[in-house]
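Visitor: I would like to learn how to read a structure feature by feature. Please show me one and go through it in order.

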Amino acid sequence: MKEEKNTEVINSESTVKYYTLEEIKRHSSSKDVWVIIHEKVYDITKFLEEHPGGEEVLMEQAAADATENFEDVGHSTDAREMLKQYFIGELHPDDRKKDSSKDVLITTSSSQSSMWTNWLIPAVAAVVMGLMYHYYTLDSKSS
């Protein structure tokens, strides 16, 4: 059996237990379900039957990072509070995604040029449509 990297860090307030992805992946059965949400590990086994969205939704996320799906659903404050009771530790720092992998949005244009194009493009489109209409009506009158 491999040596586990479970690490306990003792703060002045509490002890945090760290779990590796390898260890978390072993908890994917309906009798033992762990998920990762915001780099925190939760044992949600006892919550499976109570989940309003059904057990299947949670099982799809078993032993994996469920952060994106958790946030996409838009869970309530009560649901986030309830999650705390299932907290068992955190994802080991070696298994966390690097900051560079996070989505970074870069705006390349200034807000002034953006505002300028917001009215220019529709104005040009309207002029072109007007000219096309005028040309079409002249063409149909002459024939």
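Guide: What follows goes from the overall fold to loops, salt bridges and surface patches. Keep in mind that this is a predicted model.

Visitor: How many helices and strands are there in the protein chain?

Guide: The protein chain has five helices and six strands. In sequence order the pattern is β-β-α-β-β-β-α-α-α-β-α.

Visitor: Which share of the residues is buried?

Guide: Buried means under 20% relative accessible area. Of the 143 residues in the protein chain, 24% are buried. The chain exposes about 11200 Å², and carbon and sulfur atoms supply 55% of that area.

Visitor: What do the contacts say about sequence separation?

Guide: Take the contacts between residues at least 6 apart in sequence: 58% of them join residues at least 24 apart.

Visitor: Where do His-38 and Glu-39 lie?

Guide: His-38 is in the loop between β4 (32-37) and β5 (40-43). Glu-39 lies in the loop between β4 and β5 too.

Visitor: Why does His-38 count as partly exposed?

Guide: The partly exposed class covers values between the buried limit of 20% and the exposed limit of 50%. His-38 has a relative accessible area of 45%, so it is partly exposed. Glu-39 is at 28%, and therefore also counts as partly exposed.

Visitor: With which other residue does Arg-96 form a salt bridge?

Guide: Arg-96 also pairs with Glu-90, where the closest N and O atoms are 2.8 Å apart.

Visitor: Is Glu-90 buried or exposed?

Guide: Glu-90 is buried, because its relative accessible area is 18%. Arg-96 is at 23% relative accessibility, so it counts as partly exposed.

Visitor: Which residue meets Glu-71 in a salt bridge?

Guide: The side chain of Glu-71 meets that of Arg-80, at 2.9 Å from N to O. Glu-71 counts as partly exposed at 32% relative accessibility, and Arg-80 is partly exposed with a relative accessible area of 32%.

Visitor: Last, the surface. Which residues form the negative surface patch?

Guide: The negative patch is formed by Glu-49, Glu-50, Glu-55, Glu-56 and Glu-60. Glu-60 lies in helix α2 (residues 55-60). Its relative accessibility is 64%, so Glu-60 counts as exposed.

Visitor: Which residues form a nonpolar patch on the surface?

Guide: Val-124, Val-128, Met-129 and Met-132 form it, with about 390 Å² of accessible area together. Met-132 lies in helix α5 (residues 111-142).

How values were computed:
Residues are numbered from 1 along each chain as its sequence is written. This is a predicted model: local features need pLDDT of at least 70, side-chain atom pairs count only at pLDDT 80 or more; totals for chains, interfaces and linings use all residues. Side-chain values use heavy atoms; hydrogens and water are left out. Patches are made of residues with over 30% relative accessible area and no salt bridge: like charges are joined within 9 Å, nonpolar side chains (Val, Leu, Ile, Met, Phe, Trp, Tyr) within 5 Å. Accessible areas come from the Shrake-Rupley method with a 1.4 Å probe; for residues, only the protein chains shown count as cover. A salt bridge is a side-chain nitrogen of Lys or Arg within 4 Å of a carboxyl oxygen of Asp or Glu. Lys and Arg count as positive and Asp and Glu as negative; His and the chain ends are not counted. The place of a charge is taken as NZ of Lys, CZ of Arg, CG of Asp or CD of Glu. Helices (H or I, at least four residues) and strands (E, at least two) are DSSP runs, numbered from the N terminus. Buried means under 20% relative accessible area, exposed over 50%, partly exposed in between (1.4 Å probe, protein chains only). Contact means heavy atoms within 4.5 Å.
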